[in-house]
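Work through the exercises below with the model in view. Each task is followed by a stepwise solution.

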Amino acid sequence: MAVAAFALLGMFTDTWQMVFIAVPLFAVIMMLLGSLHSDGSWERVSTIAIVAYCSGLGVLVLWSILTASGDAVLWGLPMSMGVIFYLLWPYTAVGAGLLYALVFDRTIDEKRLAAAA
């Protein structure tokens, strides 16, 4: 709820950085909810992978935000857009799917058994 309020405040104040930084925060919260066991405990390997992935996502988002007003160029694009296009986009397109598969594989049997009971 706090992350949504933070992003909403950014939308109302027209502060795109607040909205953009909420993305990795939403990601870590939603993915951690996905790795939660039915007894309320966290699946260890999935939790470590999620935190590592979202930390990388956060670094890329912050890098893009911090270089938005500079004159630096990354492979022909302004640095902030280059980070998004060349690094952040492939990172999320490939990494999120692999992370989902890992979490799903490690938690599906328990969730299926809990739903059947």
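**Exercise 1: Burial and fold**

Solution. The model is predicted: local features need pLDDT of at least 70, side-chain atom pairs count only at pLDDT 80 or more, and totals for chains, interfaces and linings use all residues. Residues are numbered from 1 along each chain as its sequence is written, and side-chain values use heavy atoms, leaving out hydrogens and water.

Next, the elements. The protein chain has 4 helices and 2 strands (DSSP runs: helices H or I, at least four residues; strands E, at least two; numbered from the N terminus). Their order is α-α-α-β-β-α. The radius of gyration is 17 Å, well over the 13 Å from the globule rule for 117 residues, so the chain is more spread out than a compact globule. That radius is taken over C-alpha atoms, and the rule is 2.2 Å times the number of residues to the power 0.38. The C-alpha box is roughly 60 × 35 × 20 Å along the principal axes.

**Exercise 2: Leu 99**

Task: Is Leu 99 buried or exposed? Which residues does Leu 99 touch, not counting those up to four places away in sequence?

Solution. Locate Leu 99 in helix α4, residues 79–116. Its relative accessibility is 6%, so Leu 99 counts as buried. With that sequence exclusion, Leu 99 touches Met 31, Ala 49, Ile 50 and Tyr 53 (contact: heavy atoms within 4.5 Å). Finally, Leu 99 and Val 23 lie 76 residues apart in sequence and 16 Å apart in space, C-alpha to C-alpha.

Technical notes. Buried means under 20% relative accessible area, exposed over 50%, partly exposed in between (1.4 Å probe, protein chains only).
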